[in-house]
Structure formats: structure tokens, C-alpha cells
Amino acid sequence: MNASHLLAGVLVDEFTRAGVREAVISPGSRSGPLALALHRAAQAGRLRLHVRIDERSAGYLAVGLAKRSGRPAIVVCSSGTAAANLFPAIIEAGEAGVPLLALTADRPPELRGTGANQTIDQTKLYGSAVRWFAEVAATAGRDGLDGYWRSVVCRAFGAACGWDPGPVHLNVALPEPLGPDSAAPPAGFAGRPGGVPWTVTPPAAAPPAPALPDVERGVVVAGDGTPEPAAVVALARARGWPLIAEPTSNARYGPSALTAYHHLLDAPGFLPAHRPDLVVSVGKPGLSRAVLALLAAADQHLVVSASPRWPDPTRSGRGVLTGLAEAVGEERPAAGPRQRRSAWLTDWLAADRRVRGALDAVLDAADGPSEPALARDLAAALPDGSLLFAGSSMPIRYLDHHMRPRTGLTVIGNRGTSGIDGLVSTAIGAALAHPGPAAALLGDLSFLHDQNGLLIGADEARPDLTFVVVDNDGGGIFSVLGDLERAEGFERVFATPPGRDLARVAAAHRLPVGGADGRAVLGTATGQGLRVVIARSDRALTAALGSRLREAARQAAA
């Protein structure tokens, strides 16, 4: 067996021993040995293989697979700009703490810096965006190579899913010949007996969490990627504190959960009159500026994070707790914690009900469908066991403003860097890793930005996923950001209306497509394979509706 195929076979074998079950590849010559090794592993049932022709889409597909499954996923590409196109997905994985294993094929060192075709400097290409980098090469000598290569794989796997999970980059130098090699691996390259990994690294144990201060005027804030949603809900319930849970925290349920906190906190006079003595934040908050103002206004802000990258966007954290389950353990008996009632919590819940009622009245009285009502009703109507992928910009904000507390629904999104690129591919990857039906709520620009993610080969796995695409012909978020809409040239340089027929885009990818005006999509959004539902909207009407919603909320909160 030649050196390149021997290296590729050892790497893939050791990754599957470590626990990798999903891999994504894009076609390329230099990465051929890795692709063939992964194909053989898939044929043997050791992992599931996905093929995408666009490396950027492939990277985000791997992000979705890893984000939903919690297991590291491999993404493999060829050299040159192919490797550069993985960078956006790697940045997202790094900021969101998603375990990702990027394997970039490369020329051997003697061909670098010589003008050889399709060769760039891939050494530490992704800089500080990855948790760990190593180069592994197919060298001529074979003594000790099996242990060296397998040890690198175990280090990469451990760095990707350790106490600070994130992306890892292995640059794999593969010399020619790259074509198929039917020879068997030589003796001494069989790995550990029994199919176990070369090196097993136990997860690092977090130190015990200190007890939380026992105060009445406390608030729990759960942001994106909250690691222990049930513990967060238990804490809020046991302490009698209001729970502000962003949709992608998956902690928006229980007797303390609020719905209309964004409008409530944004109402004049509410926050000064409800300044908390303590805020405990879990996950990555930051979807709402009103919530950030709450964090900054608290007398004491404690951040819960077992990672050195603790999220504290307001720089108001006065302490970092390494875990939450221990902090509420004594208050969580087998039957669940008792609900502590207080005037503090009662006041918050009453105000939330008033504001939520006022918002619902405005939405229900609107002429025709609306984007906020679509988000509210879609989240409520999806059956238990469903996945909802929330697009960036306005879809996630409408969910944040109007989604009612509920269980049985998993909500995720790309909140690491909150970009709109790669959303189609990430949603497909997450749906492939999800055991039930899935829906993705996206804007038209996000859908068009990653339409290459819909280029799925005939032999590739397809999820049960419905894309619900809000077609308002442009970037609706710019109509609510400051005074941008008043700027000269707003339509051209901010709204950027694409003027495309999304039904034809879907049809070009041979996807069934249906139209929807708001509630017409409900009840039919899952269980029918991969398809697209288009909900048309008008940006001007949506902006005017937003003004009415804010005014109704201010009056209800007064």
C-alpha cells in the first residue's frame, strides 16, 4: 500500500474507533485517498458519508451534523481555495463550541513555495479559530508511524470534544500516487486490539460549583447553547426567579418562563423599577439588546460556564460558576423542586401576561399574515419531537419576541457568529442528525445565499425537513436597524432586493414547493421529506406592524 493510502486508512480507522459517525467530503484529486478511505468505512457501516460539491456548504453541513448530534463530524476537502472555503464554517463552529474535524489535503512539503498548481500555505490556515492544529504527513519510513498517526487522531478528537469543544484542523500532506490502491496495509498498522482507540482521554471534571446567593430579586437568563436546560428551569422554579430563555437555549418552559421579555424590558420605566439584585446567565446571551441592558443593570451578574471562553458580552460578570446542576442539586428532589412564589416573580409573570396578550391581539387583528405571527404559530404547531432551525436576522428575533413556552421542540441556529451564510446546509445537517421531523425558518436572502446547499446527489441521504422561507424580497432586518431605512439608496445598498422567484429556485433543485400565507403552512410543514414552503411578506407592512407591536407593549407594560 502506498504511503498516502496507508495514512488515509489509518486516520479514518482511528477516527471511527474514537467515535466519529458522520463525515462530509467534497470531490478533489489531492484528497482522493481520504475520500476513498471514508467511502470504504461507509460501505462497512462504520460511519455515514455525505458528498457535497461546494466546500462551504460541506463545512456547514458538518456543523449541522455535529451541532445536533453532539459528536464530532469530519469534513474533508482538497487543497488550495477548497480549504479556504471551509473557513466560515470553522469560524461558526469555533464561536458556537461545535466539535468539528477539518481535514485538508495538501501537497507534500517539497512542492510548497515552488509554484506548484493548487498550492497555498495551509499551515495554521485557520489561525486562532481552531482549538488545535497539527500537520500529519505520509513519510517514507514506517517504523512507529502507526502509533504516531493514531495518537494525532486521538489528540484531535479530544481537542474537538473536550471541556472546550470546537473545531480542529489536521493538514494532511499526501504525495502521489493518489489513485486507488488495492494493496493491504502492512503488518504493524492494525491499531489496538478490540477496536479501541489508541489513546483514551477522560473528560476533564469541573470543580464544584459554589452556592448561589439566596436573594428574592433574581433573574435567570438562558442564552444560545445552554448546556443544561432542565437545570436552568429547575433553578428558576426553585428560587422563584423569572426565566428569560432565548429560543435556542431550549429552556423556554416551566412556570417561571417568560415570552414577551424583549418588549417588557424595552418598555420605558420597567427595567428601572425591576432592577434585579442578581442575574445568573447560562449559555451565550445577546439576541436582544434589552436583555443585555438587564445584565448590565444587575447589582450582581454571575456567568455559568465550564469553558475558559465564558460569554459576558456586557463585561458585567462578577463571578464565573463552572456548573449549574450542582448549584441546584439540593433544591431538586426526585419529584422536582417546589415552586417558590414571591411578589417579585408574581409581578414579572403578570406583566409578561399583559404584554403577551397585547402583542397577540395586534398580530391576530392584522390584515393578512405576518412574519411575527408565522414564527409564533409555527413554533407552537410543530409536533413534539420536532426540530426547528432558526435563521439569523429576523426569523430568530421573531421567535424570541413571540414564541410561547413549550416542551417537546428542539430549537437551534447558527448563533456563534450569527451570519446568514451556510444556513441551508447547516439546517440539512442538523435534520439528518435529528431523529424526528424538522423545519427551518429562513429569510429569502439566507435561502439564496446558500442555495448550493440544495445540490444533493441522487445517492445522498435526505432529511425530513421543510424550509419555510419568508419571501419579502430583501433584507427585512435593515428596516428595523436604526434609521437606515431613511438613508439615500436604502433599497440598493441595504435591502438588496434579489427579485428572484423562489419557487423556481426550489424547482431547479427538484424540490416540491408550496406557497403559504401565514397560517396556511401550519400542520403541513413536516413529514413530507425535503421540501420548500414560501410565505410571502411585505417589508413595509412588516415594519409598520412592528411599530404597532412596540406601542401596544409599552401601553401594556405601563
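## The largest cavity

In this predicted model, α14 (394–402) and α19 (539–557) each supply at least two residues of the lining of the largest cavity, and α19 gives the most, with three residues. The lining is made up of Glu-371, Met-394, Tyr-398, Asn-472, Gly-476, Ser-479, Val-480, Arg-539, Thr-542 and Ala-543. Sorted by class, these are four nonpolar, four polar and two charged residues.

The space in the largest cavity comes to about 80 Å³, and the structure holds three cavities of 30 Å³ or more.

## The second largest pocket

The second largest pocket has a volume of about 680 Å³, and of the 23 residues that line this pocket, His-262, Arg-397, His-401, Val-480 and Arg-550 are the closest to its centre. Two or more lining residues are given by each of α8 (261–266), α10 (289–297), α14 and α19, with the largest share, five residues, coming from α14. By class, the lining of this pocket has 10 nonpolar, nine polar and four charged residues.

Some of these names also occur in the account of the largest cavity. Val-480 lines the largest cavity and is also one of the residues closest to the centre of the second largest pocket. Likewise, α14 and α19 each supply at least two residues to the lining of the cavity, and both are among the elements that give two or more residues to the lining of the pocket.

## Nonpolar cores

The largest nonpolar core has 50 residues, of which Val-75, Ile-90, Ile-428, Phe-447, Leu-465, Phe-467 and Val-532 touch the most other members. Leaving aside neighbours within four places in sequence, Phe-447 is in contact with Val-424, Leu-454, Phe-467, Val-469, Leu-502, Val-505 and Val-532. Apart from this core lies another, of 38 residues, which includes Leu-11, Leu-34, Trp-149 and Val-172. In soluble globular proteins, nonpolar side chains tend to be buried together.

Asp-54 counts as buried because its relative accessibility is 15%, which is under the 20% limit. Not counting residues up to four places away in sequence, Asp-54 touches Ser-26 and Asn-452, and a polar contact of 3.0 Å joins the side chains of Asp-54 and Asn-452. The C-alpha atoms of Asp-54 and Pro-27, which are 27 residues apart along the chain, are separated by 8.8 Å.

Arg-52, found in the loop between β2 and α3, counts as buried because its relative accessibility is 3%. With neighbours within four places in sequence left aside, its contacts include Val-24, Ile-25, Ser-26, Pro-27, Ile-428, Gly-453 and Glu-460. Ile-428 is also one of the residues that touch the most other members of the largest nonpolar core.

## Backbone features in loops

The peptide bond from Glu-176 to Pro-177 is cis, with omega near 5°, and Pro-177 has its place in the loop between β6 (167–173) and β7 (218–222).

Positive phi values in residues other than glycine are found at Ser-393, near 65°, and at Ser-418, near 60°. Ser-393 lies in the loop between β12 (386–390) and α14 and counts as partly exposed because its relative accessibility is 22%. Ser-418, in the loop between β13 (409–412) and α15 (423–433), counts as partly exposed because its relative accessibility is 32%.

Key
Residues numbered from 1 in each chain as written. Predicted model: local features only at pLDDT ≥ 70, side-chain atom pairs only at ≥ 80, totals over all residues. Heavy atoms only, no water. Core = buried A, V, L, I, M, F, W, Y, C linked by side-chain atoms within 4.5 Å. Buried < 20%, exposed > 50% of the residue type's maximum accessible area, 1.4 Å probe, protein only. Contact = heavy atoms within 4.5 Å. 1 Å grid on protein atoms, 1.4 Å probe; cavity = no way out; pocket = protein on both sides within 12 Å on 5 of 7 lines; lining within 4 Å. Points joined across faces, edges and corners; volume = space filled by probe spheres on them. Helix = DSSP H or I, 4+ residues; strand = E, 2+ residues; numbered from the N terminus. Nonpolar A, V, L, I, M, F, W, Y, C, P; charged D, E, K, R; others polar. Polar contact = N/O pair within 3.5 Å; in protein donor to acceptor, adjacent residues only side chain to side chain.
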